[in-house]
Amino acid sequence: MMRTDGRSRAPHAADSHDVIRVHGARENNLKDVSIEIPKRRLTVFTGVSGSGKSSLVFDTIAAESQRLINETYSAFVQGFMPTLARPDVDVVEGLTTAIIVDQERMGANVRSTVGTATDANAMLRILFSRLGQPHIGSPNAFSFNVASVRASGAITVERGAGKGETERKTYTVLGGMCPRCEGRGSVSDIDLAQLYDDGKSLNEDPFTIPGYNGDAGYARVFAESGFLDPDKPIRDFSEAELRDFLYREPTKVKVGRINVTYEGLVPKVQKAFLSKDREAMQPHVRAFVDRAVTFTACGGCGGSRLNEAARSSKINGIGIADACAMQISDLAEWVRGLQEPSVAPLLAALRHTLESFVEIGLGYLSLDRSSGTLSGGEAQRTKMIRHLGSPLTDVTYVFDEPTIGLHPHDIARMNDLLLRLRDKGNTVLVVEHKPETIAIADHVVDLGPGAGAAGGAVCFEGRVAGLRAGDSLTGRHLDDRSAVKQKVRTATGALEVRGARANNLRDVDVDIPLGVLVVVTGVAGSGKSSLIGGSVAGRDEVVSIDQGAIRGSRRSNPATYTGLLDPIRKAFAKANGVKPALFSANSQGACPACNGAGVIYTDLAMMAGVATPCQECEGKRFQASVLEYRLGGRDISEVLAMSVTEAGKFFGEGQACTPAAHRILDRLADVGLGYLGLGQPLTTLSGGERQRLKLAARMGDKGGVLVLDEPTSGLHLADVELLLGLLDRLVDSGKSVIVIEHHQAVMANSDWIIDLGPGAGHDGGRIVFEGTPADLVAARSTLTGEHLAAYIDA
């Protein structure tokens with residue numbers, strides 16, 4: 001740029017801060033990583049699962065940005081915010097405000113829907129409160145989370161010096177909540193036959209409820225309450241006895257010498273099980289709830305969650321319940337047809353939100369869809385809605401594998417959105433494995449070379465062409481292509497599905513071959529999960545491994561999650577002639593100073609808490625006396641510090657040979673987790689590692705049919721090859737494997753493909769192809785066929 005006097009202007013000092021500089025990052029497995037990330041560019045971080053991508057991007061860069069922003073608030077405000085510790089890094093410079101769009105599932109609260117999570121419902125409520133006929137009230141009158149309240153009575157109004165006047169007031173709030181289901185849309189019904197055996201008496205342990213066995217306090221209270229004959233079979237109870245047994249209100253009774261509260265079995269079960277998040281339950285408790293509790297659409301509101309008044313108000317014949325039940329692409333078209341100058345700004349904002357859903361590939365959803373039912377990829381894209389069209393610039397957007405759950409047809413659209421965010425002047429950081437997204441990067445950071453302790457270093461930093469020409473693991477596999485399997489296995493039978501109508505399925509009839517590797521594919525929202533989850537996953541002999549998050553605290557680790565610790569504890573106990581409980585850091589063997597945590601946590605109120613290694617056990621978590629007991633020359637803390645590969649050798653031979661432990665370790669190694677530490681906290685595992693850990697834990701379950709939901713999620717290109725080998729070994733061992741998947745390499749390696757579509761939502765729900773991968777490529781009659789043909793370069 002030239003000045004008017006002809007001399008060039010020197011660059012302004014403010015324009016020199018064009019990189020985010022990280023120096024000496026050591027979070028988790030990072031090994032003093034130092035890099036410079038260009039601002040206002042799209043940077044992709046890649047590497048094998050567990051190589052340190054998330055540790056660098058989320059736990060270092062994004063975490064430090066958020067921590068520094070939080071510190072700008074007053075101490076009072078910080079007291080209400082989550083406390084964030086400073087990442088283990090020497091220097092982070094050039095940070096901008098970070099907006100994290102991760103894959104964390106949205107809350108499974110029954111009152112949370114797609115509409116409430118994105119503010120689309122709030123705008124619709126305002127719209128109907130202004131234009132709906134008949135007019136029934138404020139936006140609250142259309143909210144299924146607001147109950148109608150009426151109250152009247154006397155109040156005292158203070159007037160003057162100590163004088164009070166009594167006035168009669170009436171208070172009314174008109175809400176939209178259905179009074180019968182309380183805004184949930186469904187009512188629960190308990191199958192009494194699943195709670196007890198009515199042929200037994202209370203003294204014969206009739207309960208089939210987890211925790212209600214004969215020795216439990218609950219069972220004793222029923223037997224000794226005085227309301228019931230403990231020796232009479234339950235089926236012979238009189239009407240009054242059965243009512244007391246099942247539904248009696250809380251009543252104080254004396255059992256032995258103790259005063260306790262007696263309550264009917266049904267309300268007790270409702271409080272103990274139905275008030276909790278199903279996903280947070282232990283597997284055996286969840287199985288009981290699934291067996292004993294049925295949820296049916298509320299008869300009062302037809303599942304719409306709204307009362308009669310809210311449903312009666314309409315705009316052009318459409319009520320708010322009808323609008324929320326529409327497919328979002330159809331709702332966007334309906335809103336575009338509304339022309340009302342008095343609410344023009346509201347209509348513009350609502351149109352933008354709904355069109356963003358369509359643009360991001362979620363037009364097949366409806367606003368009344370429960371947010372807890374969204375997949376990780378759908379949840380992440382739903383969170384993106386509020387950022388599309390945002391006027392903010394110079395912001396750092398951080399994405400965690402935004403292409404997860406996307407058909408190859410949809411990945412190009414996602415790439416376009418990432419580039420648009422960048423072109424508005426933002427820094428976009430993406431953790432990703434898909435070569436289609438790596439290809440559009442301005443800058444690539446490849447971490448590795450391996451995973452866990454073998455990773456944490458920068459293997460490559462630069463442009464995509466340099467990565468492709470380099471010798472890093474990612475560079476070598478970037479252009480990998482799988483050939484279509486020409487010789488496929490022969491089916492040994494079939495799982496019949498007839499008249500499947502779940503969600504958008506249209507009376508689907510299909511025979512799923514058994515004894516082979518079957519891939520169910522199709523664009524996002526075409527009905528894959530509805531078909532398999534609704535018609536296959538619940539059958540006997542079917543083991544389903546979904547993408548649900550692993551529940552576990554910082555005390556949980558791969559050894560406890562997979563059940564590996566049980567045979568290890570028993571082996572230690574047998575070798576030393578003591579109790580197995582001594583070898584649990586959560587039981588008798590725990591260090592008394594840190595209660596088996598290995599660290600001491602100090603709460604510093606609004607400041608970040610501090611965790612320091614326990615000085616008594618030096619972080620080993622066990623009492624000193626327990627560490628004196630050895631197996632094969634190692635104590636329990638040394639065994640938990642082993643990697644899966646090292647432990648496999650240790651428990652496979654010699655004095656420590658433990659077949660039960662060795663079988664579980666072999667499964668962990670088969671899914672590519674040989675580098676994982678047995679005692680590594682689950683909270684430190686990456687998304688891909690958790691998915692494979694769940695697969696290893698369930699591979700030993702009884703059942704001839706194994707259902708996997710997108711097992712390539714979070715997997716590096718090199719790890720996909722290992723997964724294909726594992727799937728083939730599972731089929732060769734006699735299992736039938738059904739995989740819901742978008743990855744072309746898995747399709748090419750399958751024996752049979754079932755393709756749903758042709759589109760999403762009401763444009764999908766049909767079988768558009770059944771056959772071998774070679775036939776799909778030859779026909780090219782579907783979107784999947786076209787992309788698979790392009791992938792193998794046919």
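I started at Lys39, in the loop between β2 (33–38) and β3 (42–46); strands are DSSP runs of E, at least two residues, and helices runs of H or I, at least four, numbered from the N terminus. The model is predicted: local features need pLDDT of at least 70, side-chain atom pairs pLDDT 80 or more, while totals for chains, interfaces and linings use all residues. Numbering runs from 1 along each chain as its sequence is written, and side-chain values use heavy atoms, without hydrogens and water.

I checked burial and charge next. Lys39 is buried (under 20% relative accessible area; exposed is over 50%, partly exposed in between; 1.4 Å probe, protein chains only). Lys39 has no salt bridge (a side-chain nitrogen of Lys or Arg within 4 Å of a carboxyl oxygen of Asp or Glu). Its nearest side chain of opposite charge, Asp394, is 6.4 Å away; Lys and Arg count as positive, Asp and Glu as negative, and His and the chain ends are not counted.

Which residue does Asp394 pair with in a salt bridge? I found Arg40, with the closest N and O atoms 2.9 Å apart. Asp394 sits in the loop between α13 (376–384) and β14 (396–400) and Arg40 in the loop between β2 and β3, so the pair ties together parts 354 residues apart in sequence. Asp394 is partly exposed at 40% relative accessible area, and Arg40 is partly exposed at 30%.

I then looked at Asp442 and Arg422. They form a salt bridge with closest N and O atoms 3.0 Å apart. Both Asp442 and Arg422 are buried.

By this rule I count 30 salt bridges.
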